[in-house]
Amino acid sequence: MRFFESLAIGVAMYSKIPMPRVEWNEKNMKYAMCFFPLVGVVTGILEVILGNALLVYTSCGTLFFAGVMTLLPVLVNGGIHMDGFLDTMDALNSYGSREKKLEILKDSRTGAFAVIGFGLYLVASLALWSEAKSEMLPVIGAGYVMSRSLSGLSVMVFPSAKKDGLGRTFQEQAHRKRVAVVMVCWFFAALAVMLMTSVQMGAAALCTALLVFWYYHHMAMKQFGGMTGDLAGYFLQLAELLILAAVIVAGGAL
């Protein structure tokens, strides 16, 4: 029972996938984060199925295909990670002190740099998806699992920049070492799918994900003094976009 309660919390917290309501407590929160990448599995499967259906079985235009593929992950996760991306864009572009940046992350208002960043992100995603081919979809789909495994790993192993917030809650309630091991397992499972599909595209996605993770750690420690839930969301969105770009470039060279 505790297994399913942890699953329900992990999936419901980070997606719009219908799950039964369960009470959060110390026992079922210990391993809730283990199921975070499962949202990526669902997203990836939907992208592969819908993407192939649109590319192979319909005569839809490139823009329509790119629009559906761009919107689908946001619809599945409910925009929770994009919210973190937008808050981080405002904070980073404030060029204020560390304390000021952390205040901006907590501010519910949307600033100009968040709006600009959101627009640029959507345009970039549309442009990249317009170049996607059906054989690239499994690698891109596995990228949603890889990005979440690394984001979840950061919550477990990075120091927290704040004494409160969603990221700190999951960090404090989780069995950190065991959850970190599970995140690593999810990571290598995603990598295996990528490499079995295409060594070239898988290697490009792997290198990109690790470089973005390194940047995320460097930025979080230097600019904020640690991890927050918003920063983890920022990393996830950035990793997904750049993994998509890496697969498109590597796949186009085949």
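Phe 213 and Tyr 216 are both buried, where buried means under 20% relative accessible area, exposed over 50% and partly exposed in between, with a 1.4 Å probe and protein chains only. The two residues lie in helix α11 (residues 199-224), three residues apart, or about one turn of the helix. Helices are DSSP runs of H or I with at least four residues, numbered from the N terminus. The rings of Phe 213 and Phe 235 have centres 5.6 Å apart and planes at 70 degrees, so this pair is edge-to-face. Rings of Phe, Tyr and Trp (its six-membered ring) pair if their centres lie within 6.5 Å; planes under 30 degrees apart count as stacked, over 60 as edge-to-face and the rest as tilted. Because Phe 213 lies in helix α11 and Phe 235 in helix α12, the pair ties together parts that are 22 residues apart in sequence. Both Phe 213 and Phe 235 are buried.

By the ring rule, the count comes to 10 aromatic pairs. Phe 213 and Tyr 216 form an edge-to-face pair, at 6.1 Å centre to centre with 65 degrees between the planes. One aromatic cluster is made up of Phe 158, Phe 213, Tyr 216 and Phe 235.

## Basis of the values

The model is predicted: local features need pLDDT of at least 70 and side-chain atom pairs count only at pLDDT 80 or more, while totals for chains, interfaces and linings use all residues. Residues are numbered from 1 along each chain as its sequence is written, and side-chain values use heavy atoms, with hydrogens and water left out.

Gln 237 is found in helix α12 (residues 229-252) and counts as buried because its relative accessibility is 3%. A polar atom of its side chain lies 3.3 Å from the backbone nitrogen of Met 82. Not counting residues up to four places away in sequence, Gln 237 touches Asn 77, His 81, Met 82, Phe 85 and Tyr 121; contact means heavy atoms within 4.5 Å.

Helix α5 (residues 80-92) has 13 residues and reaches 19 Å from its first C-alpha to its last, close to the 18 Å expected at 1.5 Å a residue. The expected span is 1.5 Å times one less than the number of residues. Since 11 of the 13 residues of α5 are buried, the helix is largely enclosed by the rest of the structure. Among the buried residues of α5 are His 81, Met 82 and Phe 85.

## Gly 141 in α8

Gly 141 is found in helix α8 (residues 137-157). At 6% relative accessibility, Gly 141 counts as buried. Gly 141 touches Gly 40 and Gly 44, not counting residues up to four places away in sequence. The C-alpha atoms of Gly 141 and Ile 45 are separated by 6.5 Å, although these residues are 96 residues apart along the chain.

A search of the whole structure finds one cavity of 30 Å³ or more. On a 1 Å grid over the protein atoms alone, a cavity is a set of points where a 1.4 Å probe fits but cannot get out, and lining residues have an atom within 4 Å of a point. The largest cavity has a volume of about 140 Å³, a volume being the space filled by probe spheres set on the points, with grid points joined across faces, edges and corners.

Of the 15 lining residues, the closest to the centre of the largest cavity are Pro 73, Tyr 121, Ser 125, Tyr 144 and Glu 240. The elements giving two or more residues to this lining are α4 (62-77), α7 (112-129) and α12. With five residues, α4 gives the most.

Methods:
A polar contact is a pair of N or O atoms within 3.5 Å; within protein, one must be able to donate a hydrogen and the other to accept it, and residues adjacent in sequence count only if both atoms are side-chain atoms. On a 1 Å grid over the protein atoms alone, a cavity is a set of points where a 1.4 Å probe fits but cannot get out, and a pocket is an open set with protein on both sides within 12 Å along at least five of seven lines; lining residues have an atom within 4 Å of a point.
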